[in-house]
Amino acid sequence: PQNELQSEELLAVIFEYMGKITAETDLDKLLMILADLGKSLVLADRCTVWLHNPETHQLWTIVAHGIERVIIPEKSGFIGHSFSTGESIIVNDAYEDVRFNEAIDRSTGYRTKSVLCIPFRNSEGIVIGAFQAINKMTVSEIFTERDKEVLTLAASYSGKSLESSILRNELIETQREMIETMGEIGESRSQETGHHVKRVAKYSYELAKLAGLSESQCRLLKLASPMHDIGKVAIPDTILLKPGPLSKEEFDLMKTHTSIGYHVFKHSSRQLLRTAAIIAHEHHEKWDGTGYPNGLKEQEIHIFGRITAIADVFDALSSERVYKKAWSMEDIMTFLLEQRGKHFDPSLIDLFYQNIDTFIDIRLKYT
Ligand code: C2E
Ligand code: FE
């Protein structure tokens, strides 16, 4: 058993966690930090922070990083009761209480005795989740009014930090989904069933890391690269879906997908869309200046364009298209090496070669 914390010890815990909480932008990690905070404040054996999902009418939590979310109905157990009534609960013998859901103990083999639940609200005063502390670790084994006060304080602070993290998460996820969907519009029209745009994003990210770009540049490239072929929406089906080789006129028209993509995004003041404009524009430029639309060469081609070029061709060759069969990995490697310094930036090709397993893994994972 432990001794109750003195006021100055409580303060020390709060200060220790305050820094961690403000610095954390990842929602899952934030939930775990808050759970740790709750546990340390009231000396509980376990503590979890539950969030409400209004779309599914469920509460969810995360108990460890990389492990799947635990999900329960929004009215289930003490936590569901606390969430749906907006009231705090202290229970000192769980098995004596009708609200207790024994099934959870049965499935985990853990024995719940005392429970403290505290709901928390967003800035509009709407309950968005709740803390649940289980099994007090002091001699008395019971949660007190003081525990309730202390955890309520932590909860009111948590509600605000969680709210902004949830909104941020929501924005990022929406953005990612919209970009992928836009990229897939081109993909589905050309009847490519695979995950071409997702793979190109992943290869580009890895290659950018290997090339020593900063994490934020790598992420920017990963987000924007799925849109490289967006200009293909303007290419007629007779050309896009043509089973055989294109005539000179047809290919000339096909080439305009780069400038079309560029014009779609170039007026934006958003960094992400400006990046997408560059990638759409330059992903078919070649190191030796023989690419299109502008015949740029070497460093004149933006590093994002040079990276996406390799990612795009590697993926195009390893996939079946209406106009061609998939190539063997051996043939692809020979081709890329042969194009080192012609189509592709030689130093990027070297990095690609030295780390080929990474790229093959991605290819296999997203088939
Ligand atoms: P895509 O199918 O996504 O191919 C992207 C790039 O991968 C091509 O850019 C090219 O650099 C490389 N690539 C793909 N397949 C082959 C191949 O069999 N041999 C070689 N050496 N390289 C290959 P590119 O050539 O500028 O083509 C741009 C887009 O034009 C292609 O995107 C595709 O949509 C279309 N396209 C190119 N050639 C043909 C064709 O013969 N028939 C049809 N129907 N479409 C074609
Ligand atoms: Fe393209």
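This is a predicted model: local features need pLDDT of at least 70, side-chain atom pairs count only at pLDDT 80 or more; totals for chains, interfaces and linings use all residues.
Residues are numbered from 1 along each chain as its sequence is written, chains are lettered from A and ligands numbered from 1 in the order in which they are written, and side-chain values use heavy atoms, with hydrogens and water left out.

Back to Lys324, which is found in the loop between α11 and α12 (329–338); helices here are DSSP runs of H or I with at least four residues, strands are runs of E with at least two, and both are numbered from the N terminus. Lys324 is buried and yet has no salt bridge, the nearest side chain of opposite charge being Glu320, 8.6 Å away. Buried means under 20% relative accessible area, exposed means over 50%, and partly exposed lies in between, with a 1.4 Å probe and protein chains only. A salt bridge is a side-chain nitrogen of Lys or Arg within 4 Å of a carboxyl oxygen of Asp or Glu. For charge, Lys and Arg count as positive and Asp and Glu as negative, whereas His and the chain ends are not counted. What the side chain of Lys324 does reach is the backbone oxygen of Ser319, at 2.7 Å.

Glu285 sits in the loop between α10 and α11, and it is buried without a salt bridge, with Lys286 as the nearest side chain of opposite charge at 9.5 Å. The side chain of Glu285 reaches the backbone nitrogen of Leu296 at 3.0 Å. Setting aside neighbours within four places in sequence, the contacts of Glu285 include Tyr292, Pro293, Ile301 and His343.

Now to the metal site. Which protein donors does the iron ion (ligand 2) have? They are Asp229 (OD), His257 (NE2), His283 (NE2) and His284 (NE2), lying 2.1 to 2.3 Å from the ion; donors are N, O and S atoms within 2.8 Å of the metal (3.2 Å for Na, K and Ca), and since water is not among the atoms, sites may look incomplete. Along the chain, the donors follow the spacing D-x27-H-x25-H-H. His257 lies in helix α9 (residues 248–265) and His284 in the loop between α10 (271–282) and α11 (303–318), so this pair ties together parts that are 27 residues apart in sequence. His257 is buried at a relative accessible area of 1%, and His284 is buried as well, at 18%.

Why is the arrangement around the iron ion (ligand 2) irregular? The 4 donor atoms subtend angles of 82 to 171°, and four donors count as tetrahedral if all angles lie between 85 and 135 degrees, while four count as square planar and six as octahedral if opposite donors are over 155 degrees apart and all others between 65 and 115, anything else being irregular.

The whole structure holds 19 salt bridges. Among them is the one between Lys248 and Asp252, at 2.6 Å from N to O, whose two residues both lie in helix α9, 4 residues apart, about one turn of the helix. Lys248 counts as exposed at 58%, whereas Asp252 is partly exposed at 30%. Glu250 pairs with Lys242, the closest N and O atoms being 2.7 Å apart, and Lys242 is partly exposed at 23%. Glu4, Lys136 and Asp147 are linked in a network of salt bridges.

The C-alpha atoms of Leu27 and Ser164 are 9.5 Å apart, although 137 residues separate them along the chain. Beyond four places in sequence, Leu27 touches residues including Leu51, Trp60 and Leu162.

Technical notes. A polar contact is a pair of N or O atoms within 3.5 Å; within protein, one must be able to donate a hydrogen and the other to accept it, and residues adjacent in sequence count only if both atoms are side-chain atoms. Contact means heavy atoms within 4.5 Å.
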